[in-house]
Amino acid sequence: MVVLALDTTTPAGSCALAVDGSVVREEASDVSLPPATRLPLDLMTLLEHSGVALGAVDVFAVATGPGSFTGLRIGISTMQGLAFAAGKPLIGVSGLDALARMADREAAGRQIATWVDAWRGEVYAALYANGVEVAAPVVAKPAEILDGFASQPTLFIGDGARAYQEKIQQRMGGGPAALAEHPTPLLAGTIAMIAGEIASTGAYAPPHAVRPMYVRRTDAELARDARAVG
């Protein structure tokens, strides 16, 4: 099974190719360029570097969020277009799930907190234990989330965890809290692996059903509601 995956939830973004359950290539995107100008070229370049034709892709995969609203829309629409044209499945994968999967190898029994910077002094966050999501994604200020952690041993991962590392240590102490060895990894390779596992079950929705996971409403929606109230 050949899986082509794309992540536009992070500022850099990445794309990856997995073949029969192994990531054969993963590349970061050019951070100086917005997603609209580097897609689908990044994907085509990855395939060329891997010596794989677009027609050989069996499954397309895309990160559904949370992250930049614009990045999510562009990433998902790009992969939907490719999947529709090829008549192949498109599987959406949460970026928080991908982070948790990557942290699992060093969790050593600790719960995993996935934190993605949501700007405005907030983070997108979810909590995992033994490979299972135990607290649904929320967006909140770090202090509000940490209040519910008590002193449970926790491994933090994500750019939000790196940005608020000092606050995490202040609130939880050095013992129960730790930052992943690589807190801001590329996600596309793990997204490809998860998508391949889902594809093998046959339990997935059609490409048009893949939607962004925003967690909170867009600025445009908030502004529209504010005008309605006014």
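**Helix 4 and the sheet it lies across**

Val116 stands opposite Tyr124, a residue of strand 7. The model here is a predicted one. Strand 6 (111-117) and strand 7 (123-129) run in the antiparallel sense and pair over six bridges. Pairing of this kind goes through backbone hydrogen bonds, and it can be parallel or antiparallel.

Zooming out, these strands belong to an open sheet of five, in the order 8-7-6-9-10, and the pairing is mixed. Strand 8 and strand 10 (177-179) sit at the edges with a single partner strand each, so one side of each has no neighbour in the sheet. On average, neighbouring strands are turned by 20° against each other, direction ignored.

Now for the helices. Helix 4 (residues 95-103) lies across strand 6, strand 7, strand 8 and strand 9, at about 135° to strand 6. Helix 7 (residues 165-172) lies across strand 6, strand 9 and strand 10, and runs at about 165° to strand 10.

Helix 4 is mostly covered, with seven of its nine residues buried; Leu96, Leu99 and Met102 are among them. Part of that cover comes from strand 5 (90-93) and helix 8 (188-201).

How do helix 4 and helix 8 cross? Their axes come within 9 Å and cross at roughly 100°, so the two helices are roughly perpendicular to each other. Asp97, Ala98, Arg101 and Met102 of helix 4 make the contact with Thr190, Ile191, Ile194 and Glu197 of helix 8. Sorted by type, these residues are four nonpolar, one polar and three charged.

Note on methods. Residues numbered from 1 in each chain as written. Predicted model: local features only at pLDDT ≥ 70, side-chain atom pairs only at ≥ 80, totals over all residues. Heavy atoms only, no water. Buried < 20%, exposed > 50% of the residue type's maximum accessible area, 1.4 Å probe, protein only. Helix = DSSP H or I, 4+ residues; strand = E, 2+ residues; numbered from the N terminus. Contact = heavy atoms within 4.5 Å. Axes fitted to C-alpha atoms, helices over the stretch in contact; angles between N-to-C directions. Parallel < 35°, antiparallel > 145°, perpendicular 65-115°, else oblique. Nonpolar A, V, L, I, M, F, W, Y, C, P; charged D, E, K, R; others polar. Pairing = 2+ DSSP bridges.
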